[in-house]
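Keep the 3D view open while you read.

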Amino acid sequence: MAIRNLRFEGDPILRKTSKEVKEITPKTRDLIGDMLETMYEANGVGLAAPQVGILKRIVVIDIGEGPLVMINPQIVKAEGTQTGDEGCLSVPGKAGQVTRPNEVTVRFMDEDGEYYEAEGTELLARAICHECDHLDGKLYLDFVEGELHDTVSESDEEE
């Protein structure tokens with residue numbers, strides 16, 4: 001596994017639509033491993049393949065309950081609303097208020113080609129929506145209500 005270079009706001013690849021994964025190859029599995037390692041290294045809770053320059057419909061999420069790998073995810077149900085601060089590894093140091101569904105059901109394929117449905121609420125629902133948006137060339141910036149604000153990291157506070 002390897003840490004991949006993140007793509008940042010302004011990179012045209014972040015605004016493109018990702019292609020469906022037709023078959024899971026060793027290269028696909030390597031990408032997923034690299035995405036997980038990259039996400040953890042950057043202290044993120046989610047990462048979509050376009051954020052590392054690959055236009056494939058793959059996302060990884062870990063809100064602290066272990067990794068969730070979704071290939072070709074499709075949100076099939078969304079209910080309720082929640083509004084909260086949202087940030088993105090591709091927009092470092094910034095956050096903004098975004099309204100998302102409070103509960104979602106997502107259908108996806110795993111690394112073994114098996115199909116599943118998963119339900120997410122609150123933070124997991126937010127992460128699923130955020131990462132799936134990346135696959136369609138959308139950033140959370142497209143949905144921010146009001147102004148962006150700076151985020152303060154722990155390393156900034158220590159100085």
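Before we start placing residues, here is how the elements get their names: helices (H or I, at least four residues) and strands (E, at least two) are DSSP runs, numbered from the N terminus. Also keep in mind that this is a predicted model.

Is lysine 19 buried or exposed? Its relative accessibility is 56%, so it counts as exposed, the cut-off for that being over 50%. Lysine 19 also belongs to a positive surface patch, together with Lys16, Lys27 and Lys56.

Now look at serine 18, also in the segment before helix 1. Serine 18 counts as buried because its relative accessibility is 6%, and buried means under 20%. Which residues does serine 18 touch, leaving out those up to four places away in sequence? They are Pro50, Leu55, Lys56, Arg57 and Leu135. Lys56 turns up in this list and in the positive patch as well.

**Charges that pair up**

Side chains of opposite charge can pair when their charged atoms come close. How many salt bridges are there in this model? The count comes to eleven. Here are three of them:

| Residue | Partner | Closest N to O distance |
|---|---|---|
| Aspartate 34 | Arginine 4 | 2.9 Å |

Start with the salt bridge between aspartate 34 and arginine 4. This pair links distant parts of the chain, 30 residues apart: aspartate 34 is in helix 1, and arginine 4 is in the segment before helix 1. Aspartate 34 is buried, with a relative accessible area of 8%, while arginine 4 is partly exposed at 25%.

Where do the two partners sit? Aspartate 112 is in the loop between strand 6 (103–109) and strand 7 (115–121), and arginine 29 is in helix 1, 83 residues apart. Aspartate 112 is exposed, with a relative accessible area of 57%, whereas arginine 29 counts as partly exposed at 37%.

Salt bridges can also join up into a group here: Glu86, Arg100, Arg126 and Asp133 are linked in a network of them.

**Two positive phi angles**

Asparagine 43 has a phi near 60°, a positive value in a residue other than glycine. You'll find asparagine 43 in the loop between helix 1 and strand 1 (46–48). Asparagine 43 counts as exposed because its relative accessibility is 72%.

Glutamate 122 isn't a glycine either, yet has a positive phi of about 50°. Glutamate 122 is found in helix 2, which covers residues 122–135.

**A last stop in strand 7**

Finish with alanine 118, in strand 7. Setting aside neighbours within four places in sequence, what does alanine 118 contact? The answer is Val104, Thr105, Val106 and Phe108. Now find threonine 83: alanine 118 and threonine 83 are 35 residues apart in sequence and 22 Å apart in space, going from C-alpha to C-alpha.

Conventions
Residues numbered from 1 in each chain as written. Predicted model: local features only at pLDDT ≥ 70, side-chain atom pairs only at ≥ 80, totals over all residues. Heavy atoms only, no water. Patch = residues over 30% accessible without salt bridge, like charges linked within 9 Å, V, L, I, M, F, W, Y side chains within 5 Å. Areas by Shrake-Rupley, 256 points an atom, 1.4 Å probe, with all protein chains shown as cover. Salt bridge = Lys/Arg side-chain N within 4 Å of Asp/Glu carboxyl O. Lys, Arg positive; Asp, Glu negative; His and termini not counted. Charge placed at Lys NZ, Arg CZ, Asp CG, Glu CD. Buried < 20%, exposed > 50% of the residue type's maximum accessible area, 1.4 Å probe, protein only. Contact = heavy atoms within 4.5 Å.
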